[in-house]
Amino acid sequence: MRVVAGLLLLLLGLCGSGAQGEAGGLGEVAEINQNTDPKHPAEESTQQSMKQTACDVWMELRALRDMVVEQKVHMELLQRENSDLQTRLSSSESELLISKSRIDQLERENAEKPKVAFYAALTDARTLGPYNTDITLKYSKVFTNIGKAYNPSTGFFTAPVKGVYNLQFTVMGYDAGVISVQVYKNNQRIMYNWERNENDSVPEYFTKSLVLELTAGDEIHLVLPSGHSIFDDSNNYSTFSGSLLFTL
């Protein structure tokens, strides 16, 4: 762009000087023409050719000037577009940083959130009971125990944090009069479920769910009442499971 502008100025200067010289020459020629005879036709042809050349030069200069102006306008438009792009890019980078920061925060919160879930089946010994006293059921076949909140040696689930928990158990009875399970929170019975097996050759089932608000250290366990029975084998008919829904 600077080279084109310099060339334009140089041509304008040269043409200006030529124009002045030509103007002076023409004046002299006019004065001579008043005192002399008409010029030779070849000389007149040369003068006409010079005039035409000067007009062509001026036309070229005007075209070059217009091109320079057009290029300048185009460059200004490109500069504005570049500025707009840089502004949008900066805004996008800021939004990306905010999103990444939020994702990092959610990942930290998820990593810090306690994870509690367990699932266990009762036994392979088939029928348990009836007994002369209540017994705590120990679900010894543990398949899932995330957070280690369930203890298969005692049959107790201990809440590690304050929160809302979902607990579920399934009971099967086979070749038994009455099947039942009681749910205890700490030392308090909070649920009692039973089912009479009218036909000993046909198995009976029931499933129950609880949603409980527990504080850290609260214990949940299942009890088989005296005189009743429960059945399980390698097919895992009688199960106990639970998970933390959310903390409080």
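These legends describe close-up views of a predicted model.

**View 1. The salt-bridge network of Asp124, Lys141 and Asp232.** Salt bridges link Asp124, Lys141 and Asp232 in a network. The structure holds 3 salt bridges. Lysine 141 pairs with aspartate 124, and their closest N and O atoms are 2.6 Å apart. Aspartate 124 sits in the loop between β1 (117–121) and β2 (126–128), while lysine 141 belongs to strand β4 (residues 141–146), so this pair ties together parts 17 residues apart in sequence. Lysine 141 also meets aspartate 232 through their side chains, at 4.0 Å from N to O. Here the partners lie in strands β4 and β12, so the pair ties together parts 91 residues apart in sequence.

**View 2. Burial of the Lys141 and Asp232 pair.** Are aspartate 232 and lysine 141 buried or exposed? Both are buried. For lysine 141 the relative accessible area is 17%. That value counts as buried because the cut-off is under 20%. Aspartate 232 is also one of the residues in contact with serine 238.

**View 3. The surroundings of serine 238.** Serine 238 occupies the loop between β12 (230–232) and β13 (239–247). Its relative accessible area is 0%, so serine 238 is buried. Which residues are in contact with serine 238, leaving aside neighbours within four places in sequence? Ala120, Ala121 and Leu122 are among them. Asp232 brings the view back to the salt-bridge network, where Asp232 is linked with Asp124 and Lys141.

**View 4. The salt bridge between Arg65 and Asp66.** Arginine 65 and aspartate 66 form a salt bridge. Their closest N and O atoms are 3.3 Å apart. Aspartate 66 has 44% relative accessibility and counts as partly exposed. Arginine 65, at 42%, also counts as partly exposed.

**View 5. A nonpolar patch on the surface.** Which residues form the nonpolar patch? They are Val211, Leu245, Phe246 and Leu248. Together they have about 380 Å² of accessible area. Leucine 248 is found in the segment after β13. Strand β13 spans residues 239–247.

Definitions and conventions:
Residues numbered from 1 in each chain as written. Predicted model: local features only at pLDDT ≥ 70, side-chain atom pairs only at ≥ 80, totals over all residues. Heavy atoms only, no water. Helix = DSSP H or I, 4+ residues; strand = E, 2+ residues; numbered from the N terminus. Buried < 20%, exposed > 50% of the residue type's maximum accessible area, 1.4 Å probe, protein only. Contact = heavy atoms within 4.5 Å. Patch = residues over 30% accessible without salt bridge, like charges linked within 9 Å, V, L, I, M, F, W, Y side chains within 5 Å. Areas by Shrake-Rupley, 256 points an atom, 1.4 Å probe, with all protein chains shown as cover.
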